[in-house]
Amino acid sequence: MNATQLSLLAFSSVLAVSCTTTKNYAIQAKSGTDTQGTVKFVQTGKMVKMDLNVYKLTPGIHAVHIHEKGDCSAADGSSAGGHWNPTAHQHGRWDQGEFHMGDIGNINADKDGTARKIFKTDKWCIGCQDESKNIIGKTLIIHAKEDDFHTQPTGNAGGRVGCVEIK
Ligand SMILES: [Cu+2]
Ligand SMILES: [Zn+2]
């Protein structure tokens, strides 16, 4: 083992004990749209922070959810399945009454079609053993329409214009 390999090994060990996990993804356009953007998930200790940046949306409000299957392959995003709902709750608004673990809420795209959302929770983890918290193997979906927070089980959010496989 040479000096570079040794220093890489030492660096990896430092990362392993600092308890920070970072995942970066590009958004795949779906349903014939031009949706672009990125999402970053960072876990520090028990907190997961999502930083979502989306471009080329239609101006206005769009629902964002985590869906249960880690598969963006379908042209309309239907391969991602329904909302991620490990606790078998009703669809709703995050932290108010019943809600799905994937019920992030809405983003508001400006006249240029740009939207950003920063979201933090200790109810998720990145790759832990608790499948009621683990976002790996799921998808992030951006919808054509607004989440109304009450229609079951989807929030009446319309088609799927962006998709990310969280892996
Ligand atoms: Cu959704
Ligand atoms: Zn839901």
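What share of the 167 residues in the chain is buried? Buried residues make up 31% of them. Here a residue is buried if 20 or more other C-beta atoms lie within 10 Å of its own, exposed if 12 or fewer, and partly exposed in between, with C-beta atoms placed from the backbone.

This is a predicted model, in which local features need pLDDT of at least 70 and side-chain atom pairs count only at pLDDT 80 or more, while totals for chains, interfaces and linings use all residues. Residues are numbered from 1 along each chain as its sequence is written, and chains are lettered from A and ligands numbered from 1 in the order in which they are written.

The chain has one helix and nine strands. Both are DSSP runs numbered from the N terminus: helices are H or I with at least four residues, strands are E with at least two. Along the sequence the pattern reads α-β-β-β-β-β-β-β-β-β.

Five strands build an open sheet, ordered E2-E9-E8-E5-E6, with antiparallel pairing. Two strands pair if DSSP finds at least two bridges between them. Strand E2 (28-29) and strand E6 (103-109) are the edges, each pairing on one side only.

Now take strand E5, residues 60-67. It pairs with strand E8 (residues 138-143) in the antiparallel sense over four bridges. Val64 stands opposite Ile142 in E8, and His67 stands opposite Thr139 in E8. E5 also pairs with E6, again antiparallel, over six bridges. There, Ala63 stands opposite Asn106. Six of the eight residues of E5 are buried, so the strand is largely enclosed by the rest of the structure.
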